[in-house]
Amino acid sequence: MTHTFDGKIGEGWSGADPDGAHVNVVLAERGTATAAALLTTFTSPAPGHAPILVVVGEDKDHYEPVWPPTIMINKETALEPLHQKITWGAGQLGIAQGVLDAVAEDLIPCSGELIVFVAIYIDPGAADETAVRVASRAATLKGVRTARHGRGDAAQALVDRRDTVTSPFYSGS
């Protein structure tokens, strides 16, 4: 690889609360400082936050890792059994499918030389596994697309309206 992917970042949201998914995606090429940082995260779990290698398979005996190797970590602390199941079940499967969609679209190569890192937020109130899987898949693909292609005119449009931007988490004036 020629460092065309390394350090590229993207973001994606899909679905409807509480069964939607928000992801941040980082692409890293093996042997780079970016890859080293991501692998440090992978080896540094914390209570309720477990970085895992994304795998698929009908049972544990048939797990196989998604390629390119994909590491996921949850952004919301997963302590309750249903939230854990949805995060590492539906969320993980959706991420896997989104990465495989990105490979199928030639956004990223099917190579062990690339590492895909996905940090995912799933609401603790999520209850519909299928909706979370579908949302995780779409959000992951969107995040990889943004990482590969950037935001183009949308980035300048955001700069142009910088004095009027808002956030659903801000209630000031």
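Predicted model: local features only at pLDDT ≥ 70, side-chain atom pairs only at ≥ 80, totals over all residues.
Modeller: Residues are numbered from 1 along each chain as its sequence is written, and side-chain values use heavy atoms, with hydrogens and water left out.

Colleague: Why is strand S7 called largely enclosed?

Modeller: A strand is a DSSP run of E with at least two residues, a helix is a run of H or I with at least four, and both are numbered from the N terminus. Buried means under 20% relative accessible area, exposed over 50%, and partly exposed in between, with a 1.4 Å probe and protein chains only. In S7 (residues 114–121), 7 of the 8 residues are buried, so the rest of the structure largely encloses this strand.

Colleague: What makes S2 and S6 partners of S7?

Modeller: Two strands pair if DSSP finds at least two bridges between them. Strand S2 (residues 21–29) has 8 bridges to S7 and runs antiparallel to it; Val25 has Val118 as its bridge partner there. Strand S6 (residues 70–74) has 5 bridges to S7, in the parallel sense.

Colleague: What makes a set of residues a nonpolar core?

Modeller: Its members are buried Ala, Val, Leu, Ile, Met, Phe, Trp, Tyr and Cys residues joined through side-chain atoms within 4.5 Å. The largest such core has 30 residues, and those with the most contacts inside it are Val25, Leu27, Ile95, Ile108, Val116 and Ile120. S2, H2, S7 and H3 each supply at least two residues of this core, and H2 gives the largest share, 7 residues. A second, separate core has 9 residues, including Val26, Ala28, Leu38 and Ile73.

Colleague: How do you know which residues Ile108 touches?

Modeller: Contact means heavy atoms within 4.5 Å. Leaving out residues up to four places away in sequence, Ile108 touches residues including Phe5, Leu27, Pro68, Val116 and Val144.
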